[in-house]
Amino acid sequence: MEAGRLCCQRQRQVLFLFVFWEVFLSGSGFGGYLMTEEMERGSFVVNLAKDLGLGDLELVARGARVIFDDNKQLLLLDSHTGDLLTNEKLDREKLCGSIEPCILYFQILMDNPFQIYRAELRVRDINDNSPVFQDKDTVLKILENTAEGTTFQLERAHDSDGGPNSIQNYTIEPNSFFHIKISDSDEGMIYPELVLDKVLDREKQQELSLTLTALDGGSPPRSGTTTIRIVILDVNDNAPHFSQAIYETQALENSPVGSIIAKVSAEDVDTGVYADISYSLFDASEDIQTTFQINPFSGEIILKVLLDYELVKSYKVNIQAIDGGGLSAKCTVLVEVLDTNDNPPELIMSSLSNHVAENSPETILAVFRIKDRDSGENGKMVCYIQDNLPFFLRPSVENFYILMTEGALDRESQAEYNVTITVTDLGTPRLTTQHNITVLVSDVNDNAPAFTQTSYTLFVRENNSPALHIGSVSATDADAGANAQVTYSLLPPQDPQLPLASLVSINADNGQLFALRALDYEALQALEFRVGATDRGSPALSSQALVRVLVLDANDNSPFVLYPLQNGSAPCTELVPRAAEPGYLVSKVVAVDGDSGQNAWLSYQLLKATEPGLFGVWAHNGEVRTARLLSERDAAKHRLVVQVRDNGEPPLSASVTLHVLLVDGFSQPYLPLPEAASEPAQADPLTVYLVVALASVSSLFLFSVLAFIAVRLCRRGRAASAGGYPVPEGHFPGHLVDVSGTGSLSQSYQYEVCLTGGSGTSDFKFLKPIVPIIEAQGPGRNSEENPTLRNSFGFNFQEKF
């Protein structure tokens, strides 16, 4: 017995050398434990009662239980002793594969009060697996002219152990031609490379057989061997060449079997059989060979099985291209597996109670955990329940949720609640899991009716028919039975002057609103009031909402002409000088419209005119302007009919008549007489001076023109009579100048005098002269055009001989 106890104590001491644990509590608590793999079932891990600071019987009383993330019961809790024991042998390679460190997460749940402790178990690796080469024999073909120092990458061995127990070194049996070089990869693994130390000679030796040994770092170390058979080839001086050293591609995890994942391509500049290239997988693990295959002729990599992102997220496929002469090249294809949302969320219920006593504050109804095996956005989850329920979800640790009541429930409020817990991930398409819980309670009238909107805006066109349905309001009541029956009513308006009862009515059962009489936009543009919704409970509860009724304008008002007035005793006559330029403003029609919006947009159009084409009306502003120059042939009196039209549907219009009188100038006879004229108007001295000055200047100008003509004629060698002016041969145009000596102005000049009666001022307008072309005819002479001459008044004239 003593020997047995001593042996048991020693075993426990040895076990504690491998098992160490540390518990640190933060919020819900956290513990970390270490366990060596391959320990027998029932091996001691930790005493939870002491670790958590609880009594031995408290674990039983609180119903302590252990839950793993993958629902695997790897550990067993002895509730009586508080010891946490292994439930089976733990194989690190089976549980975690190549992942290091190997950590298993689990939770410890206890009730009364409800608590969740988060913990982890780290499984320590032991050296229980030997390195294994995939192929026991490897054939390596090397050209006889391969240079010294050339390296040849060999397939590495695989060891299921991790950390220091994984492969640490490679050796090769002693020989005079090769040695082994160890290279590190970007994945943290080592690869053996065969380095040529001495040039090969096929004529002396055609093959070599070497043993490659892989050693792990265990104590004692384990090893595995493979035979490297080296075949020395005759010269094939060009090896295949891949277009890329590394190919990168992506594949969805739900890609069908037989899909082409990628295609590699290599070229060989040799000819004949040396240019024939075949493709194969190189240094491929069993997983790679099971998942992919390559077409040896086209280089297409084909999917053999369905990909699963949750198992393997990426693959590194080594491809070898060998030509007919045995030379090879290698490339790497990196296949990234893209996650698809192919795993719906899971809801794992830990505890459930669908009965709740009324007036129980914040009662726990259910405790559950959610998980999703996808990753990224596909693995993110949203957990919620329906709205308008007196329950809520309280998040806890490790995706645990607690369904609780918001407060005290009253059975008279509602007989039962159907609570649907919905878990939705954020993937595309989104996957959803639901769990229904029925909670039995009672019913009282504790919910007032609720309108679907806080305010309603309704539109009605003016001149509507009486009793027209203009819209509806709607309110709902979360109660049941008579407590949920809603009655609608109009509330008294805030403005006591508003006759609401004569304008609008409401159906008490369905909330439909009616206009009781025709509305006029010009009298009432908007109507605002409140409606109430009352249930039939005891006591009755009610709510209210704001309703705005906007009256829409109809085109029921014709345009009204403000100017010119049409109801006067005498028509309005507009005076237009005959010298007016095109575009001269004759008058402007001014009109307004009692409607609004586009119904009040006005346009103007000339309907009738005494002489079409003489006058025009601008469509947007109603301005009446001359369309062309006036002539003596145009009639003196004109009658214009202008139509003013709105933009409504249908459009309404009005017309106005304008009388236009054409005059030769705004002289005194055409202007209204002043109201009081006690004495005849005296001639303005300034006007007299201007007339005299103008006559003098004109005479001087005519004299200068005649003198210039005489000088030109003299230069042409004409004989001049003594005391007279030379006169050109031929006819001299009579309209050029008046030399009668009467002092009158030449008809080649125009003047316009505008006198304003009663103003005491006179305006004088000097217009440009009309200077004709003077032609001199003579035998044997051609007409010559001289440059334009400018006199001192700024007028231009031309001279031709």
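The model is predicted: local features need pLDDT of at least 70, side-chain atom pairs count only at pLDDT 80 or more, and totals for chains, interfaces and linings use all residues. Residues are numbered from 1 along each chain as its sequence is written, and side-chain values use heavy atoms, without hydrogens and water.

Arg578 meets Asp664 in a salt bridge (3.4 Å, N to O). The term means a side-chain nitrogen of Lys or Arg within 4 Å of a carboxyl oxygen of Asp or Glu. Asp664 lies in the loop between strand E49 (653-663) and helix H7 (685-715) and Arg578 in the loop between strand E42 (573-577) and strand E43 (585-588), so the pair ties together parts 86 residues apart in sequence. Helices (H or I, at least four residues) and strands (E, at least two) are DSSP runs, numbered from the N terminus. Asp664 is exposed, at 55% relative accessibility.

The whole structure holds eleven salt bridges. One of them joins Glu40 and Lys89, at 3.4 Å from N to O. Glu40 is partly exposed at 48%. Lys89 is partly exposed at 44%. Elsewhere, salt bridges link Glu611, Arg628 and Asp634 in a network.

Now turn to a sheet. Three strands form an open sheet in the order E18-E22-E21, with antiparallel pairing. Its edge strands are E18 (260-263) and E21 (292-294). Two strands pair if DSSP finds at least two bridges between them. E18 and E22 (residues 300-303) pair over three bridges. Lys263 stands opposite Glu300 in E22.

Notes:
Buried < 20%, exposed > 50% of the residue type's maximum accessible area, 1.4 Å probe, protein only.
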